[in-house]
Amino acid sequence: MTATLQAKKRTVSKHSVLSDLRNNGNIPAVVYGTKVDSTSISLSEASFLKVLKDVGRNGVISLDVDGEKHNVVLNDYHSDPIKRSILHIDFLAVDLSKEITSTVRVNLTGDSSGVKDGGVLQQALHEVEVTAKPNDIPTAIDIDISSLEVGGTLSVADIKGYDNLQINHEADETIASVLPPRQEEEINTGEQQDGGIPENVEGRETSVDGTD
């Protein structure tokens, strides 16, 4: 799904000017990548949030910069942790016929049979890095854990139904497991365990051929 987002070129990057932009409901941003020189722009925060909701984190956006359109994906953004507002956005211009590399969130769906039996669900992998054409990259990858029993493990090899993606992880890398209740008690009493990848860590997209 592609949605159009309007933007304007900006030539001034003074702190006071950027503050005025944000105070008026706009976001300073930059677009760069395939056939696009790095260009400073600004756009409506409300319009951006609406488009992001429509197409998702990895969706393709038709960015209209003063009448010149580019197919872009959201490469990165910075937000104010207190005000929860967006401070700056990086857009990557892409060629829809060429693959890019991106990170995709992993969602566990269903109710594990092992959890119903008293086990404790552990998710070790919250994101995966994938390579695909821009329109083939999903917002998230869903994995059904309904049949996951106590002592059972799901790995990258268990990801099914995403044939257009190349998943850039070892097939035996663990995504989720269900620990026996006793093992969970031991962990809670202070035994050291390996840390997982924090949830909702945003990734960056780069073109496969190295083009920014």
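Author: Let's start with β8 and strand β13 (residues 174–179), which run antiparallel and are joined by four bridges. Two strands count as paired if DSSP finds at least two bridges between them. Strands here are DSSP runs (E, at least two residues), helices are H or I runs of at least four, and both are numbered from the N terminus. To see the pairing residue by residue, find Gln122, which stands opposite Ser177 in β13. In general, strands of a sheet pair through backbone hydrogen bonds, either parallel or antiparallel.

Before going on, a word on what you're looking at: this is a predicted model, where local features need pLDDT of at least 70 and side-chain atom pairs count only at pLDDT 80 or more, while totals for chains, interfaces and linings use all residues. Residues are numbered from 1 along each chain as its sequence is written, and side-chain values use heavy atoms, with hydrogens and water left out.

Now the whole sheet. It is an open one of three strands, in the order β8-β13-β11, with antiparallel pairing. The edge strands are β8 (120–123) and β11 (153–155), each of which pairs on one side only. From one strand to the next, the twist averages 10° (axes are lines fitted to C-alpha atoms, for helices over the stretch in contact, and angles run from 0 to 180 degrees between N-to-C directions).

A nonpolar core means a set of buried Ala, Val, Leu, Ile, Met, Phe, Trp, Tyr and Cys residues joined through side-chain atoms within 4.5 Å. Buried is under 20% relative accessible area, exposed is over 50%, and partly exposed is in between (1.4 Å probe, protein chains only). This core has 25 residues, and the ones touching the most other members are Val128, Val130, Ile141, Ile143 and Ile175. There's a second, separate core too, with 21 residues, including Leu5 and Val65.

Val36 lies in strand β3 and is buried, at 12% relative accessible area. Leaving out residues up to four places away in sequence, Val36 touches Val31, His70 and Ala93.

Finally, step back to the protein as a whole. It has four helices and 14 strands, and buried residues make up 41% of its 212 residues. Of the contacts with a separation of 6 or more, 69% are between residues 24 or more positions apart.

Notes: Contact = heavy atoms within 4.5 Å.
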